[in-house]
Structures are given as C-alpha cells and as structure tokens.
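Open the structure in your viewer and keep the selection tool ready. We will go stop by stop.

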Amino acid sequence: MTVESYEITRAKPNKSSAKEPSGAKPLRRINPTRIMLYSVLLVAAVYYLLPLYVMMMTSLKGLPEIRLGNIFAPPMEVTFAPWAKAWDTACTGLYCEGLKVGFWNSVRITIPSVIMSITIASVNGYALSNWKFKGSEVFFTILIFGSFIPYQVMLYPLVIVTRELGIFGSLQGVIFIHTIFGMPILTLLFRNYFAALPEELFKAARVDGAGFWGIFLKVLVPMSAPIFVVAVILQVTGIWNDFLFGVIFAGVKNFPMTVQLNNIVNTTQGVKEYNVNMAATLLTGAVPLAVYFFSGRFFVRGVAAGAVKG
C-alpha cells in the first residue's frame, strides 16, 4: 500500500464505528424561569379577557337576570334582544335608530381616510429616503415634531380651517382631519422602511431609466407589502376608535359609531339597560378586534421587516 492510498483510507469515515444516539429522549425539565414566564402570560391573559367575558355574558342576559348580581355566571336563558336593540332601535340622543347609522358613518370615514393618508405618507417617505432635496431633513424633523403635538392644542385652529373650507360638520371634515394627523407617523414608518431597503435596487432602477413614479410603483411598492399592512392596521384601528374628532367635526347626523356608543351608555333617561350597553360596546369594538385577530402576525412581521436593514 502506498502512502497516498493509506492517507485516503484514513480520511474515509468508518460508518460501522459511528454510533447513532439511542434510548429515550431526555425530558424537558420545568425550570423556575419557564414557570415565571407562563405565570405572567396567564395572569395577563386573564386580566385582559375577563372584562370581555363579563361583557359578553351580560349582553346575552335579560335585565331580571342581571339584577341578581352575579356578573360572572353564564346566562340561564340566552337572549339576543339586547344586540338587536343596540344595533337597530337604541336611542343615541335625539334619534332612536341604533348603532347602524354610526357604523356606516364610521365606514365612510375610515376607508377614504386610510387610503388617502397611506398614499400620501408612502410617497412622502419614499421621497425623503431616496430623493432627498435641500432642506429635506429639516422638513422631516418638523413633520415628526408635529406628530407629538397634542390634538387638543390644534382643535380650535382646525375648527377655523374646516369652517373656512366649508367642510365643518361633515364627513369630509373628519376625513380631512384624520388624513392630516395620520401622515406624520406614517411618513416616519415608510421613510425608515424604504431607507432600510438595499440602495442598489434604487440605483439599478435609475440606470435602467426609471423615474420617480416608475421606481416607486414598479420597484418599491411590490416589495413593501409588510409596511403597508402595518400602516393599514394602525390607521383602521386608530380612526375607527376615534371619539374626539368625530364628536367635534362630524356633525350630529354624521356621528361615528364611538360617539353614538357614548350617547347610548351615558343616557340618563329611563332604565339603565346594561345588557344593551354591553352589546353596543361589543358591536363598536368588533372591527378593531377583528383587525387585530386576523392580521396581528402580519403587524409583527411588518414591524420586524422595517427594523432590519436588508
């Protein structure tokens, strides 16, 4: 046997000598850290789910059963009459048309506000990250500073502006306000996301002759689905849950669902119908709950994608 063949023989692994692991798999030991972690998660889950459970059980009971005082007990006789009344005939001030009017008002406010604010903010973020101009950083700083100004400070000037524009007390006025206040934080999100994308993509598109809108629509938008999902979730939940702008700028006939819910719950006439109040609250919160339930994982992915440089 030559030296070369001997070295080759030594280099080959001996399959017969290799031993596969055998025996039972070791059991995971319960350690104090794991116990503490799951205990905290359990307490947090109970803390947040218990009020929801009480509201659901109360909304399915009649008033005689509610007066017994056991709020944690399930209903002895399930009734959906409180839900029907909250949606169709509950009094929300001068009108007894239920929450259905406010629901459609909220839909007419939310959809255009979300589309307009996200469209404008995405273009702003794209321009500030890839098409920087003289004073762009100053403009961006002022824009972000505006997102930290309390809404209450700007209410009176906005009332004057919307009045002069002829949209005060209308759905268009509320849409205008939500679009304005949604742009600063959304612009920050889109700017950071676009800045984290590889710069080579932008340069390659410029070399190929693509312009401002070509790069935005054909290159960046198809790659930015995660941040668009984050923006939609933030805007839908924020606008749907809004009370302040709705009660000031919408007008009595255009009140969103949250304002009508407040009118139902805080009414001082007649018997306090806790089951109707709980049903109305659940109906009002159904849309944000559904958004978080079905798109929560996309929200986490979008935030994580925007935080990592590609």
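Which residues form a disulfide? Select Cys 91 and Cys 96: they form it, with their sulfur atoms 1.9 Å apart. Bear in mind that this is a predicted model. A search of the whole structure finds one disulfide.

Zoom in on the S-S bond of Cys 91 and Cys 96. The torsion about this bond is about 90 degrees, so the disulfide is right-handed. Now show the surface. Cys 91 has 39% relative accessibility and Cys 96 has 42%. Both values lie between the 20% and 50% cut-offs, so each cysteine counts as partly exposed.

Next stop: aromatic rings. A search of the whole structure finds 16 aromatic pairs. Select Phe 103 and Trp 240. Their ring centres are 5.6 Å apart and their planes meet at 70 degrees. Planes over 60 degrees apart count as edge-to-face, so this pair is edge-to-face. Color the helices to see what the pair links. Phe 103 sits in helix 5 (residues 100–130), and Trp 240 sits in helix 11 (residues 225–240). Are they buried or exposed? Both Phe 103 and Trp 240 are buried.

Move on to Tyr 193 and Phe 194. This aromatic pair is edge-to-face too, with 6.2 Å from centre to centre and 75 degrees between the planes. Tyr 193 is buried at 5% relative accessible area, and Phe 194 is buried at 2%.

Note on methods:
Residues numbered from 1 in each chain as written. Predicted model: local features only at pLDDT ≥ 70, side-chain atom pairs only at ≥ 80, totals over all residues. Heavy atoms only, no water. Disulfide = S-S within 2.5 Å. Buried < 20%, exposed > 50% of the residue type's maximum accessible area, 1.4 Å probe, protein only. Phe/Tyr/Trp six-rings, centres within 6.5 Å; stacked < 30°, edge-to-face > 60°. Helix = DSSP H or I, 4+ residues; strand = E, 2+ residues; numbered from the N terminus.
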